[in-house]
Amino acid sequence: MSKSANTREFRKVDVDKFDEDRFQDDQAEEEQDTGPSEADIQQLLMSKKNTEALKLLLSQAPAGSKNKDRKDKAFELVTRVLTNYKASEITAAAKDLNIQETDMLMKYIYRGFAEPSDSYCARILSWHEKVVANGGLGSIIRALADRKTV
């Protein structure tokens with residue numbers, strides 16, 4: 001017999017933790033912070049600081065939250081910010097986002113595709129084009145594969 005056949009290291013592995021019936025997904029801790037308020041975002045939009053408002057919303061997105069009302073409110077605020085941009089400003093705004101913000105924005109874009117409305121469908125589609133040009137196809141994959149939804 002070979003030396004590796006006599007080893008008993010494999011018996012130290014806890015196989016029960018890999019049982020599908022006992023699997024627990026990594027649960028994100030519920031943040032006490034509710035994110036930016038609607039008044040804060042409105043103030044930024046009124047002072048023409050659209051990119052700051054967008055970055056603030058994307059950095060404090062309730063992706064790990066189970067509170068549907070909180071997610072709906074955040075989605076409404078993000079769509080309000082996205083529709084506030086002029087068509088010529090979208091490219092510069094998309095390039096100004098880092099990779100985490102780009103991925104979070106892609107999640108909101110796909111939620112907008114899932115819940116279409118006449119008020120923002122065309123704008124969401126143009127944002128999708130610019131975000132894919134900036135973040136590449138990887139941002140689409142990461143947004144669709146992530147279990148934490150917005």
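**Salt bridges, ring pairs and helix packing**

Me: Glutamate 76 is partly exposed, with 42% relative accessible area. Which residue forms a salt bridge with glutamate 76?

Reply: In this predicted model, the partner is arginine 80, and the closest N and O atoms of the two are 3.0 Å apart. Both residues belong to helix α3; because they are 4 residues apart, about one helical turn separates them.

Me: Which other residue does arginine 80 form a salt bridge with?

Reply: Arginine 80 also pairs with glutamate 38, where the closest N and O atoms are 2.9 Å apart. That pair links distant parts of the chain, since arginine 80 is in helix α3 and glutamate 38 in helix α1, 42 residues apart. Arginine 80 is partly exposed at 24% relative accessible area, and glutamate 38 is likewise partly exposed, at 37%.

Me: How many salt bridges are there in the whole structure?

Reply: The search finds 9. Among them is the one between arginine 111 and glutamate 115, with closest N and O atoms 3.2 Å apart.

Me: Is arginine 111 buried or exposed?

Reply: Arginine 111 counts as buried, at 10% relative accessibility, whereas glutamate 115 is partly exposed at 35%. Through salt bridges that share partners, Arg111 and Glu115 are joined with Lys68 and Asp72 in one network.

Me: Turning to the rings, how many aromatic pairs are there?

Reply: The count is 4 aromatic pairs. One of them is phenylalanine 75 with tyrosine 108, a stacked pair with 6.5 Å between the centres and 15° between the planes. Phenylalanine 75 lies in helix α3 and tyrosine 108 in helix α5, so this pair ties together parts that are 33 residues apart in sequence.

Me: Is tyrosine 108 buried or exposed?

Reply: Tyrosine 108 is buried, with 2% relative accessibility. Phenylalanine 75 is buried as well, at 6%.

Me: What is the geometry of phenylalanine 75 and tyrosine 120?

Reply: Their ring centres are 6.0 Å apart and their planes stand at 85°, so the pair is edge-to-face. This pair, too, links distant parts of the chain: tyrosine 120 sits in the loop between α5 and α6, 45 residues from phenylalanine 75 in helix α3. Tyrosine 120 is buried, at 9% relative accessibility.

Me: On to the helices. At what angle do α2 and α5 pack?

Reply: Helix α2 (residues 50–59) and helix α5 (residues 99–114) pack at about 85°, their axes being 9 Å apart. The two are therefore roughly perpendicular.

Me: Which residues meet there, between α2 and α5?

Reply: From α2 there are Leu54, Lys55 and Leu58; from α5 there are Glu101, Met104, Leu105 and Tyr108. By class, the contact has 5 nonpolar, no polar and 2 charged residues.

Me: And at what angle do the axes of α6 and α7 cross?

Reply: The axes of helix α6 (residues 121–135) and helix α7 (residues 137–145) cross at roughly 110° and come within 6 Å. These helices are therefore also roughly perpendicular to each other. His128, Val131, Val132 and Gly135 in α6 meet Leu137, Gly138, Ser139, Ile140 and Arg142 in α7. That contact has 4 nonpolar, 4 polar and 1 charged residues.

Me: One last item, the backbone. What is the phi of lysine 48?

Reply: The phi of lysine 48 is near 60°, a positive value in a residue other than glycine. Most residues other than glycine have a negative phi.

Me: Where is lysine 48 placed?

Reply: Lysine 48 is in the loop between α1 (38–46) and α2. The residue is exposed, with a relative accessible area of 71%.

Definitions and conventions
Residues numbered from 1 in each chain as written. Predicted model: local features only at pLDDT ≥ 70, side-chain atom pairs only at ≥ 80, totals over all residues. Heavy atoms only, no water. Axes fitted to C-alpha atoms, helices over the stretch in contact; angles between N-to-C directions. Parallel < 35°, antiparallel > 145°, perpendicular 65-115°, else oblique. Contact = heavy atoms within 4.5 Å. Nonpolar A, V, L, I, M, F, W, Y, C, P; charged D, E, K, R; others polar. Buried < 20%, exposed > 50% of the residue type's maximum accessible area, 1.4 Å probe, protein only. Phe/Tyr/Trp six-rings, centres within 6.5 Å; stacked < 30°, edge-to-face > 60°. Salt bridge = Lys/Arg side-chain N within 4 Å of Asp/Glu carboxyl O.
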